[in-house]
Every structure is written in C-alpha cells, then in structure tokens.
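Here is a short briefing on a helix pair and a pocket. Keep the sequence and structure in view as you read.

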Amino acid sequence: MIGEGREMQYEDILFTVADGVATIAIDRPKVMNAFRGRTCEELIHAFNRAGWDKAIGVIVLTGTGDRAFCTGGDQSAHDGGYDGRGMIGLPVEELQSIIREVPKPVIARVQGYAIGGGNVLATLCDFTIASDKAQFGQVGPKVGSVDPGFGTAYLARIVGEKKAREIWYLCRRYSAAEAMAMGLVNTVVPHDELDAEVARWCAEIMERSPTAIAIAKRSFNADTDNIRGISGMGMQALSMYYASEESQEGVRAFNEKRKPDFRKYQK
C-alpha cells in the first residue's frame, strides 16, 4: 500500500491546489484513463490528502486529455485478476468510500468517456459537470464484470430502478444530454466552457459554510450507507466470479478485440 506521506510522488495521477480547490486528475490517457491498482492507491491517498485539509473547500475529480474522464478498470493490466490489493485486486470499495467520506463536495469534471468504473466514480461524486462531448454508460456484462454495490444500488437511487437496470443489463452509451435528463449529471455545457463552468461551481461552494456542507453531506450519505454492506457481500461474490471461465472469457475477448462467447462457459 502506498504510504500516507504528503510528499509522495504520484505516477498515475496529477494533484494540484489553487484557490481552495484541489484537482485530482487520472493521468493515464493512453489507456483512456483506466485505473490499475496503483491508480486506485494514489486516488485514495490524494482524496485523504485533500479531504482533511481545512484550506481546501472543494475537490474536482477528472482525467487528463479530452477523450476520457475514466473508463474503469484497466483490462490490459490483468488476466482475470487485477494488480493490487483488495478483494478483487483493486481497492475499489475503499476508493468509493473515501469519495463519500471526505467532508468536502466532490465534483466530477467529465470531458469525455465516463464508462464502467468511471461511470461509477462520476455517479458517486456530489456533483457531475459534463462537456457536451461526454458519454456515460456501463460495460460490465460485456466484459465479464459488474459493480455489485454503489455502482448498482446507488445508481438506482440516482436514476431509478428501471433506468439503472437498463444501464447495466444492456450496456448502452448515453450522451451528456441523456445523462442529464435521467439525473446522472447536474449540468452540461459546451466543451470549451467546461473549465469555466467547473470554476463557477467551485467559487460558489467556497463562499458557503464548510461545516454546514460537511454536515449536509454526511446526512445525505447516512440514507445510503447500507449500500456499503451490499458492496462488501457483492465484492466477495465478484472475487469468485473473476476466477470463472465465464468472466475470463470477457477479458480474453476484450484483449483479442472480438465478441465474447459467455454462454459457452455458463454453469
């Protein structure tokens, strides 16, 4: 596990602070800002670093480049198993929890693809501000995976049961406008106005009482904290699923750029 020191060197993310705003950017544009084990560890460290610093009033989560916010777990980084700690080889539960637990609003700045685990991260943030070029959606059942906790149950709280099931079962892509219509996004702006819009939201937040916001955030979270238990149970099942031929067929097909034949391995 990466140490908690403030002076650590990040490899997979960029961390900057300006005017009370901490910006955490996944910096893996060659793989569409997909995360590996180290990326998750660095994100957890950065959120802890920003989340408890009283000089910081808001955190912005984004990705570098124009193509992708984040596209979830890096399928090229594993062969049926990821490269870090945690029940599935990625400390996903811890990363999701820290986004909810820090007493600061977290804004997802989505400039491109928010797919798979990236869609889950955007969902978990307090606000999502999207470029009109952004796209949202899930891919789990297409590649032999699923997020059996906040990515499913909490998504249903945001967009409703019917839409959440559609998103997960069918793995369609949704435009920024469609995502806003279903309540997944707070606002959509022209691509070249995204940074200015994020800055406006940050400036407004910085004028508000940080303690009142922290209490409000904890109050909102209290209503859905039971999903943490669902996630723990689901991740246990997911770790066993990843060891199956059915799941590994998804990884093989993705890396070989072909359609998977899941039913061949169904038991």
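A crossing of two helices is left-handed if the near helix is turned anticlockwise from the far one by less than a right angle, and right-handed if clockwise. The crossing of H1 and H2 is left-handed. This is a predicted model, where local features need pLDDT of at least 70, side-chain atom pairs count only at pLDDT 80 or more, and totals for chains, interfaces and linings use all residues. Residues are numbered from 1 along each chain as its sequence is written, and side-chain values use heavy atoms, without hydrogens and water.

**The helix pair**
- Helix H1 covers residues 37-51 and helix H2 residues 92-101; helices are DSSP runs of H or I, at least four residues, numbered from the N terminus.
- Their axes lie 9 Å apart, at an angle of about 20°.
- H1 and H2 are therefore roughly parallel (an angle under 35 degrees).
- In the contact (heavy atoms within 4.5 Å), H1 uses Cys-40, Leu-43, Ile-44, Phe-47 and Asn-48, while H2 uses Glu-94, Leu-95, Ile-98 and Ile-99.
- Seven of these contact residues are nonpolar, one is polar and one is charged.

**The second largest pocket**
- The second largest pocket holds about 480 Å³ of space.
- Its lining has 24 residues, and Cys-125, Asp-126, Phe-127, Tyr-154 and Phe-220 lie nearest its centre.
- A lining residue has an atom within 4 Å of a point of the pocket, on a 1 Å grid; a pocket is an open set of points where a 1.4 Å probe fits, with protein on both sides within 12 Å along at least five of seven lines.
- H9 gives the most to this lining, with five residues.
- The lining divides into 13 nonpolar, six polar and five charged residues.

Conventions. Axes are lines fitted to C-alpha atoms, for helices over the stretch in contact, and angles run from 0 to 180 degrees between N-to-C directions. Helices (H or I, at least four residues) and strands (E, at least two) are DSSP runs, numbered from the N terminus. Angles under 35 degrees count as roughly parallel, over 145 as roughly antiparallel, 65 to 115 as roughly perpendicular and the rest as oblique. Ala, Val, Leu, Ile, Met, Phe, Trp, Tyr, Cys and Pro count as nonpolar, Asp, Glu, Lys and Arg as charged, and the others, Gly among them, as polar. Grid points are joined across faces, edges and corners, and a volume is the space filled by probe spheres set on the points.
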